[in-house]
Amino acid sequence: MSLQNILQTFAVINPNKQVSTEIADSSLYQRLNEDYNSFKGCELVSCYTFDKDWDSWENHPAGDELVILMSGLVTFVIESGGETRETCLSKPGDYVVVPKGHWHTARLSKSSTVLFITPGEDTQHRSA
């Protein structure tokens, strides 16, 4: 067992609940698709720092996504039934569960670091 840092090395929870680590670099998502059977049954534990609003929406049809604020101030916008609702994460440890199959994006009031536990299989994206 070796010490890792979630800002540099993400964790993949495999379908058998074993954890693998992956360097958070530009080829990460390509490796995830190739090495984890298109991410079937896997979850990605990742952490990102954002300096601006997201320029796209995403949707995770394979399950709920857990989004945890580590620092900053971010508002998650979740679309449901043609309407949107906003959830403001303002204190470290605040979190929101994005329900399976719901489109979502983020608006930032300042630079923010967010931890995600994402069911990555068949993730979809669309422009904001």
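**A loop and a pocket**

In this predicted model, Phe-39 sits in the loop between α1 and β3.

Q: Is Phe-39 buried or exposed?
A: Let's check the cut-off: a residue counts as buried when its relative accessible area is under 20%. Phe-39 has a relative accessible area of 4%, so it's buried.

Q: Is Asn-37 buried or exposed?
A: Asn-37 is also found in the loop between α1 and β3. The cut-off for exposed is over 50% relative accessible area. Asn-37 comes in at 53% relative accessibility, so it counts as exposed.

Q: What is phi of Phe-39 near?
A: Most residues other than glycine have a negative phi. Phe-39 isn't glycine, yet its phi is positive. The value is near 70°.

Q: What is phi of Asn-37 near?
A: Here again we have a residue other than glycine with a positive phi. For Asn-37, that phi is near 50°.

Q: Which element gives the largest share of the lining of the largest pocket?
A: The pocket has a volume of about 650 Å³, and 24 residues line it. The elements giving two or more residues to that lining are α1 (28-35), β3 (43-50), β4 (56-59) and β8 (104-119). The largest share is 4 residues, and it comes from β3.

Q: How many residues of the lining of the largest pocket are charged?
A: Among the lining residues, Tyr-29, Tyr-48, Glu-58, Thr-123 and His-125 lie nearest the centre of the pocket. Sorted by kind, the lining has 8 nonpolar and 9 polar residues, and the charged ones number 7.

Methods: Residues are numbered from 1 along each chain as its sequence is written. This is a predicted model: local features need pLDDT of at least 70, side-chain atom pairs count only at pLDDT 80 or more; totals for chains, interfaces and linings use all residues. Side-chain values use heavy atoms; hydrogens and water are left out. On a 1 Å grid over the protein atoms alone, a cavity is a set of points where a 1.4 Å probe fits but cannot get out, and a pocket is an open set with protein on both sides within 12 Å along at least five of seven lines; lining residues have an atom within 4 Å of a point. Grid points are joined across faces, edges and corners, and a volume is the space filled by probe spheres set on the points. Ala, Val, Leu, Ile, Met, Phe, Trp, Tyr, Cys and Pro count as nonpolar, Asp, Glu, Lys and Arg as charged, and the others, Gly among them, as polar. Buried means under 20% relative accessible area, exposed over 50%, partly exposed in between (1.4 Å probe, protein chains only).
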